[in-house]
Every structure is written in structure tokens, then in C-alpha cells.
Amino acid sequence: MDEKTRREIEGKILPKYRTRRSACMASMQLVQRQKGYLTKEDMEEIARLLDMEPVEVEAVGKFYTMYNVERPVGRYHIQVCENLSCSLMGGEHILKHIERLLGIKTGQTTGDKRFTLSVVQCLGSCGTAPVIQVNDDYYENLTDKKVEEILERLK
Amino acid sequence: MEKVLLKNLGREGAHTVDSYLSGGGYEALRKALGMEPEDIIQMVKDSGLRGRGGAGFPTGLKWSFIPKDAPEKYLCCNADEGEPGTFKDRGIMEYDPHLLLEGMAIASYAIGAHKAYIYIRGEFLFAARRLQEAILEAYEKGFLGENILGTGFSLDIYVHRGFGAYICGEETALLESIEGYRGQPRKKPPFPALSGLYGKPTVINNVETLACLPAIVNRGAEWFASIGPEKSPGPKIFGVSGHVERPGLYELPMGTPLREIVYEHAGGIREGRRLKAVIPGGVSAPLLTESELHTPMDFDSLAKIGSMLGSGGVIVMDETTCMVKTAYIIMRFFSHESCGKCTPCREGTTWLKKIVERIEHGRGVPGDVELLESLCDNIFGRTFCPLGDGAVMALRGVLKNFREEFQYHIEHKRCMV
């Protein structure tokens, strides 16, 4: 953890809360933003900073599905919603199409470390299904063609 | 009906404080701060407003449980919006963040809270940023911070991002998550009104509930109570998804018949097909079929026919839909999201998923449907929180109406449709 991150946790995150432990979620989010995932060392540092045990930070990290605990992901993490509204509108087809286009299976990362493909539960965008999330961004009302264009742009 | 909650949906630039002020924004807060907190609580009670997160608990009554003399209290806005089929709060937060902030300020003043948190699901980063910008604007204009509008009332609002856990929509799991723990529900009692965030009296209200408050303060409890059914009045956002011509968000009077929502507002079934089933309020709500479409969409009418309004997330399925697959997707969701705290839910939802999965994939065996029913009996009412019940209600709803599809799958190793 660099000095800037430490300062941000102390200056911006901790003042929001009554206890140091409350800053745990946001601190892990901040660190994950920098490299896409969290290592054991990251969690140990966060634990020291927030007066927690490393195992307590790890327990939080492994509970919430968006933390990539000791799981490096590609530059673009593609997350395909597999819940009901998306499924009704062709979500599985979109998933298979992405697998074909990238030449990987769900859960894998491309050899050039550019893309990781995951399935996720409901993204809360059911009215514009099918939906995928790539890093921070939602892509909605997807068709084969739209998926091809998105991947082409990111390649 | 004039829109109150979604009047700015899709309107470019509507999220700024200047735009909000030009539409009369923060006038309700000004008015509320001139009232006694007890009078605001009474007003919300009189309006008949019931929680829009799913449970439908009367909002004013919830507030009245907060001890008046407690020195430290909190308001938490539940913006976790995790129930599959639900995307209404996102619409409010992205296009009208100040409507939520004004509602939160009114609620905080009414209960005497000086700190409030918005618990927003991690995936909604865009909405979280919108809220953060809106909070900064509100501080600049004096609607948040110290001595708001010169009244002596102070309030800070913070955004707390979740990071992928459906269970955090359960109010005590949400509190655990803000405190930096795994999001697992707490034992109740004590209820959050007495011992909530950091052990202090806390009110947890849904985004849509809080967004109703400025209009109630501006126009009065009677106006709100006059919309829709007497026992669950007001405007309601219905989010329609699935096999309809025009999926999307529709703000309509509570009690609008399901048929009108599906066929008039959402344009009916895609490609002229026939309707097979509708989930009225997110996947936990037992599904309905054609013969129940006349049902008014409000808490009591849906409860009466054995379903629930839930979040108002309407999922429409046409005749091409395999109901075994539908059940599988829903059970997969619940087993994935079970927090693991209590055995009936953790093990039960896992087995529900495994059995429905094998039926779906042509590996079902005779007796599987009965096994599912027996599992349901052993989960329902025996779990720590409503998540396990939700899984059971959803599955029972499918089995009640489409049992023969499960038997067909087991016998023929393929879909009936």
C-alpha cells in the first residue's frame, strides 16, 4: 500500500465512520481499484491500519463477491448476468457468444491477460436485459453485434 | 397520474442541484424544518406510506419506535437493490439523486439523526458517483452539513458501497456490512429501532420510500393517501422486465391491476405470444398466471392470493418459457446468495438447487418433486432471516402452477415447451 492510499483511507474513509473497522470495505475497494485484485499482503496491511486481524479482513473479502481475493483478473473483467430477466432475453446466448469470441470458458482469463470472463447474479438492470458489466461500466440491451463491437473496442 | 418519483427519468441534466431547485426542490425540507419532528412523523403515519423495499411496513410507525431522548441515532437508506427483477431505485438515484437526499434529510430531522448512510450495492458505481456529487452540491447550498438553512439542525450523509451480497438488503445484514463485518443478519429482537448501527437506534428505509417524503411534506398526507388503495396508498414504481414489448420503469398508483401494467404500459407480450406466468415483485414473490392478472398491485391484494408485492419488480414470461429452467435459475440464485449463517438456508437452498438442476439437465428421478416439497417444508419458517423463505415461496409458486412440467422433465429428460 503506498502513502497516497494510506492517506486517502485516513483522510477520506475513516472520518465517515465511528469505528476503524467500518473502513474495511471501502479500503479494500480502494486497493482493488489499483490493480484489479487483493493479495494476502494487501489484506494484512489493511488489517494493521484498521486495528483488525488479517483473517477478519480476509473473511470480509471472501464474503462479498466483488472482491477478487488472490484472484488476478484481466485488464477487462467481463461479468455476464445469468439471472432470470437476462436469461429470458438471451443472456446465455450472449455468454456463449463471448466465450466463442474470446476463445475462453467462463471463469478463465485470456492468454494476453486482457479479458477475464465471469458470470454474476442480478446486476439490477433487468429492464434493459441482457446486460453485462465490463469493469465499472454496464452495457445493456445486448445483441451479438453489440457484443462484437464492445470487444473489438477493448481489444 | 402526475409523476412524483420518476418525473426526471431519462432527462439529461436533471441530476444537478440547479435543475432540482428549479423544479421546487428542497422546499419540502425548508417546510419540514419549520415543523415539529413529531408532527412530521404523524404526517407520514397519516399518509399511509408503507416501506417500498418489499415488506410494506408502515414508515411513520417504524420511525415512532425510535426513542426520542437517545443522544445518537442513525438513518440508513437501503439502496442495495438486489432482488432480481428490481431496478427502480437505480432510476431514482441516477436521475434524481437530490430527491433521495431531500427525503433523507426530512427523515433524519423527524427521527433526530445527525448522521445518515446510503448503502448502495457495489455494482452501481455510476449511481454512487452521482449521489456523491449530489451530496457535495447539497453541502455547498446549505442543505446538508452544520446548521441547515439556519435552523440549527445538522446532518451528514455518507455513501457506503456494498460489494456483491444480496443478503445485505436484509436490514441487519446491511448494518453489519457498514460496521465492516460479513453481511450476516443479526438476531431480532433487539430491533434496529432500539439497537441498530453501532448499537444505536437506527431507521432503515428503502430509496423509493424516502423519495416519497418530499411530496408528502409539500402536498400533505391527504393527497398521498388519496392515491390508490386505502391501506397501501401512494405512487409506486413498477419495473417490468422479461418478454414484454416495452420493458422499463412505470410509476403508477399503487393498486394498478397487473394486467394493465403488463398489457397497457409495458405493451403486452412480445411478438404476439401468449403469457405463461408473471412474477409480481422480484423472484422471491410466488408467480401468478393469466387468471390472476386482474389482481391490484398492492401489498394486501397480493398477500391475499398468496403472493407478494415485494419490490414491484414484474418479470413476464411467455409461452416459450420452461418453468423448470426458471425454477433452476431462481434456486441457483438463492443458493449462491445464502449467507451461510443458518443451516436450513445454507444446506436447504443448496439441495433445492441441486435437485432442480438435475431435473433441468435430464437427470431427475421419480420422487424428486416430492423431495423438493419436503425440503421446502423443512426450510420455510425455520431460517434466521427471510432469504430461505424467499427461495421456498418462489419454488412453491412454480410447483403449484407447473408441477406437470417437472414430471415431464423427469420422465422425458427434456422440456415440455
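These legends accompany views of a predicted model.

**View 1. Overall make-up of chain A.** Chain A holds seven helices and four strands. Read from the N terminus, the order of its elements is α-α-α-α-β-α-α-β-β-β-α. Its C-alpha atoms fill a box of roughly 50 × 35 × 25 Å along the principal axes. Of the 155 residues in chain A, 56% count as buried. Among contacts in chain A with a separation of 6 or more, 60% come from residues 24 or more positions apart. The accessible surface of chain A is about 7100 Å², and carbon and sulfur atoms account for 48% of that area.

**View 2. The open sheet of chain A.** Four strands with mixed pairing make up this sheet, in the order β2-β1-β3-β4. Strands β2 (115-120) and β4 (137-139) of chain A lie at the edges, each pairing on one side only. On average, neighbouring strands of the sheet are turned by 25° against each other, with direction ignored.

**View 3. Pairing of β1 and β2 in chain A.** Strand β1 (residues 76-81) of chain A pairs with β2(A) in the parallel sense, over six bridges. A:Val80 stands opposite A:Val119, a residue of β2(A).

**View 4. Helix α12 of chain B and its surroundings.** In α12 (residues 258-265) of chain B, the residues B:Leu258, B:Ile261 and B:Val262 are buried. Seen down the axis of α12(B), the buried residues fall within an arc of 85°, so they line one face of the helix. These buried residues pack against four strands of chain B: β5 (235-242), β6 (248-253), β7 (275-279) and β8 (313-318). After α12(B) comes B:Gly267, with a positive phi near 80°.

How values were computed:
Residues are numbered from 1 along each chain as its sequence is written. Chains are lettered from A and ligands numbered from 1 in the order in which they are written. This is a predicted model: local features need pLDDT of at least 70, side-chain atom pairs count only at pLDDT 80 or more; totals for chains, interfaces and linings use all residues. Side-chain values use heavy atoms; hydrogens and water are left out. Buried means under 20% relative accessible area, exposed over 50%, partly exposed in between (1.4 Å probe, protein chains only). Helices (H or I, at least four residues) and strands (E, at least two) are DSSP runs, numbered from the N terminus. The arc is that of the directions from the helix axis to the C-beta atoms. Contact means heavy atoms within 4.5 Å. Two strands pair if DSSP finds at least two bridges between them. Axes are lines fitted to C-alpha atoms, for helices over the stretch in contact, and angles run from 0 to 180 degrees between N-to-C directions. Accessible areas come from the Shrake-Rupley method with a 1.4 Å probe; for residues, only the protein chains shown count as cover.
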